[in-house]
Amino acid sequence: MHKISFDLSLEDISKIEGNAAVDVTVREGKVTELKFQVTGYRRFYTQAVRGKPIAAVPQHLARICGTCSNAHLLCSIQSIEQALNVVPSEQTKLLRRLVVDGLMIRDHALHLYVFSLPDLFEKDSLLDFDEHDEKQHQLLHDTFDVKGVGNDLSNVFGGRSVHAIYPTIGGFVQIPSTQEAQSLLPKLVNIREAVLRLIEVFAACTFRQEDNNSIFFALYAKDHYSFLEGNLATSDGAFIPPAEFRKHLERVVIPYSQASGFSFTGKRPMVGSLARMNLHAGSLHPKTRESVKHLLNRFPSSNIFDNNLAQAIEILHSVDEAYDIISSHSFHLETPMKPDILDGIGIGVVEAPRGTLYHQVTVQKAKVTASEVIVPTGQNQISIEQNLKDCVEHHIDLERKKLELEMEKVVRAYDPCMSCATHFLTVKWK
């Protein structure tokens, strides 16, 4: 290894909601300082909901994020329902699972096809794919087919693909007809082969970045692969009720970042698809398990790039689960459940595409007086920073453009809240 020294500043990271940057100092071949800075994170939504009536709060908090708005919507609804002892019906629970399945298909497809897939083909952009190359041509068209079905699923059951308008406290304001719901079945069947192709592409990926020091955690339910219910399971064998979850998270002030970091029982947390697959891959939909059984021995994995493979498998699970629920149920009109009390403290914990999402709300006289939101990117922040440091030291001898690319790929592996930009960052070398 060359004993080189340099400083670099990475600006305009565009894979999270808002802005971020990285500053690195290397001396004698070692990273002496690395700062992963989330620079545009604070938008004060939790302050803005104070004094608002409970009916308005979920839609307000859904605006925290465009791509995973429906996860925030459902998590906020869940927190208010718990505060006011509202128990949703079994039909409502199924409809919410379908909304999340649409979210997972659409959101994971956007990340995998548009942002991560070009790395595997050494392309700068999906638009650079060669239409004359059969494999690249097929993947390019798969992008729109798979993402489109995720949008369709969200539109039918949520009312919109983002910022869904049907889910509400206690139920849904509109229920799709049987004909509307079943119109999705052939679409789900048609994209399954495309999803299997995507899984095999990421299964063959040779990128590696090991993280053996983070603790993985995610929701776990006994009877299905859960995004919306269950206890928090951890990679060290603990099971934590959602109401106790916050007691295990310790806020870490990062003076150079607008976002707080978090430790989990004193360790670096890692949440997201890789955590979910590491903890309960055996709970995937049976048809999904059968189709990917040759890959399940990859999990649990400490290679952060297997997060991409885990996301691809979760798309298949969501396709299979949605088909199963729609084909075996007829949905009927149902009035949302009303709260019997108007005061309380409630906690919502759901699995957003990027990991465990936490909402806590305090309600007095049907108005919110306090709110806390902890997002997956904040929980992953310290692990991202450490893995960037490891990446720089491991690839210290690479020419600068290649080193930049390796750093980009590490950040992309976490999928830290999507933006519209194609490039992860702009690099300024000193």
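These legends walk through close-up views of a predicted model. Residues are numbered from 1 along each chain as its sequence is written, and side-chain values use heavy atoms, with hydrogens and water left out. Because the model is predicted, local features need pLDDT of at least 70 and side-chain atom pairs count only at pLDDT 80 or more, while totals for chains, interfaces and linings use all residues.

**View 1. Helices H12 and H13 pack against each other.** Helices (H or I, at least four residues) and strands (E, at least two) are DSSP runs, numbered from the N terminus. Here the axes of H12 (residues 376-394) and H13 (residues 400-414) come within 10 Å and cross at roughly 155 degrees; axes are lines fitted to C-alpha atoms, for helices over the stretch in contact, and angles run from 0 to 180 degrees between N-to-C directions. The two helices are therefore roughly antiparallel, a term for angles over 145 degrees. From H12, look for Asn380, Ser383, Ile384, Asn387, Leu388, Cys391 and Val392, which meet Leu403, Glu406, Met407, Val410, Val411 and Tyr414 of H13. Contact means heavy atoms within 4.5 Å. The residues of this contact divide into nine nonpolar, three polar and one charged; Ala, Val, Leu, Ile, Met, Phe, Trp, Tyr, Cys and Pro count as nonpolar, Asp, Glu, Lys and Arg as charged, and the others, Gly among them, as polar.

**View 2. Helix H7 lies roughly antiparallel to H11.** The axes of H7 (residues 185-203) and H11 come within 9 Å and cross at roughly 165 degrees. Residues in the contact include Leu188, Arg192, Val195 and Ile199 of H7, along with Leu309, Ile313, Leu316 and Asp320 of H11. By type, the contact residues divide into 19 nonpolar, two polar and two charged.

**View 3. Phe157 sits in the largest nonpolar core.** A nonpolar core is a set of buried Ala, Val, Leu, Ile, Met, Phe, Trp, Tyr and Cys residues joined through side-chain atoms within 4.5 Å. Of the 113 residues in this one, Phe157 and Ile199 touch the most other members. Helix H4 (residues 90-120) gives the most to the core, with twelve residues. Leaving aside neighbours within four places in sequence, the contacts of Phe157 include Leu95, Leu98, Val99, Tyr166 and Phe331. Apart from this core lies another, of 14 residues, among them Leu219, Phe245, Val271 and Ile347.

**View 4. Helix H9 is largely enclosed by the rest of the structure.** Seven of the eight residues of H9 (residues 273-280) are buried, and these are Ser273, Leu274, Ala275, Arg276, Met277, Asn278 and His280. Buried means under 20% relative accessible area, exposed over 50%, and partly exposed in between (1.4 Å probe, protein chains only). Elements covering the buried residues include H4, H11 (306-328) and strand E6 (214-220).

**View 5. Phe216 is a buried residue of strand E6.** Its relative accessibility is 8%. Leaving aside neighbours within four places in sequence, Phe216 is in contact with residues including Met270, Leu274, Ala275 and Asn278. The C-alpha atoms of Phe216 and Asn278, 62 residues apart along the chain, are separated by 7.8 Å.

**View 6. Leu342 is found in the loop between H11 and E12.** This residue is partly exposed, with a relative accessible area of 42%. Not counting residues up to four places away in sequence, Leu342 touches Leu84, Val363, Gln364, Lys365 and Ala366. The C-alpha atoms of Leu342 and Ala366 are separated by 4.8 Å, although 24 residues apart along the chain.

Technical notes. Angles under 35 degrees count as roughly parallel, over 145 as roughly antiparallel, 65 to 115 as roughly perpendicular and the rest as oblique.
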